[in-house]
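Have a look at the fold first.

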Amino acid sequence: MNRFVTPAVAMCLSVVVIGCSGSAPASPSSLQGAVPGGRILIVDEGPYTSGDLNFLTAASRMHQAFIQISRVAEHRVAYPRLKLFAQQMVQENTERLDILRASTRNAVSQNISIEAAHQDLLNSVMATSGNPADRVYAEGMLPALEALHALYMQEAASGSSSVLRQLASDFVVRLSNYLGDLRELGRHRPRAQRRDGDAEAAEI
């Protein structure tokens, strides 16, 4: 089971969970919390700096956009491996939103609007199907994931909240893997699945 805590924090967390006597209590702003799937988290109750709030807003909007785009792509793309990638994106980004909400006592809004560029990509995926949808989805998601990776890298390096820094550091590794997977999918989509006029679809 994945845990988003360092060994030192885990010791404090065990005090919250099992109530060990004689141990130092956890910080008032860091309490135990949980998200679906049984992961144990440290909760940062704030207050948050403007930089951390900007991160939470930007990250949540991107996660919400990737959920919506990938949910449509699941039913539009032709390449089975890309379809599986879209399914993974829905699951991963849904989980990330849950984690951000749980670890910040719901500082992340339940009603999230997506940015215009992501809405444009969503509309483009909805307007295509088959092999053209493969290209639209893969080419659109690559820079979007790169932007999310850069956002989490920045938070991991300079965020004010130790909880958010740890969460960001953990997710950067997974994001790097997803970027590698998407680049590989772009290079190796079978020629047999390309339509006329889609000769460049394999290159991202």
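## Around A144

Setting aside residues up to four places away in sequence, A144 touches M62, F66 and H118 (contact means heavy atoms within 4.5 Å). A144 has its place in helix α5 and is buried, with a relative accessible area of 7%. Buried here means under 20% relative accessible area, exposed is over 50% and partly exposed is in between, using a 1.4 Å probe and protein chains only. There are 23 residues along the chain between A144 and L121, and their C-alpha atoms are separated by 9.8 Å.

## Ground rules

This is a predicted model, so local features need pLDDT of at least 70 and side-chain atom pairs count only at pLDDT 80 or more, while totals for chains, interfaces and linings use all residues. Residues are numbered from 1 along each chain as its sequence is written, and side-chain values use heavy atoms, with hydrogens and water left out.

## The whole chain

The protein has six helices and two strands, running α-β-β-α-α-α-α-α from the N terminus on. Those are DSSP runs numbered from the N terminus: helices are H or I with at least four residues, strands are E with at least two. Of the 204 residues, 44% are buried. Among contacts with a separation of 6 or more, 72% come from residues 24 or more positions apart.

E155 is found in helix α5 (residues 131-158). What is the nearest side chain of opposite charge to this buried residue? For E155 that is R165, 7.1 Å away, and E155 has no salt bridge. A salt bridge needs a side-chain nitrogen of Lys or Arg within 4 Å of a carboxyl oxygen of Asp or Glu; Lys and Arg count as positive, Asp and Glu as negative, and His and the chain ends are not counted. Leaving aside neighbours within four places in sequence, E155 is in contact with G51, D52, F55, L164, R165 and A168.

L164 lies in helix α6 and is buried, at a relative accessible area of 0%.

## α3 against α6

The axes of α3 (residues 80-103) and α6 (residues 162-188) come within 12 Å and cross at roughly 170°. Axes are lines fitted to C-alpha atoms, for helices over the stretch in contact, with angles from 0 to 180 degrees between N-to-C directions. The two helices are therefore roughly antiparallel (over 145 degrees; under 35 is roughly parallel, 65 to 115 roughly perpendicular, the rest oblique).
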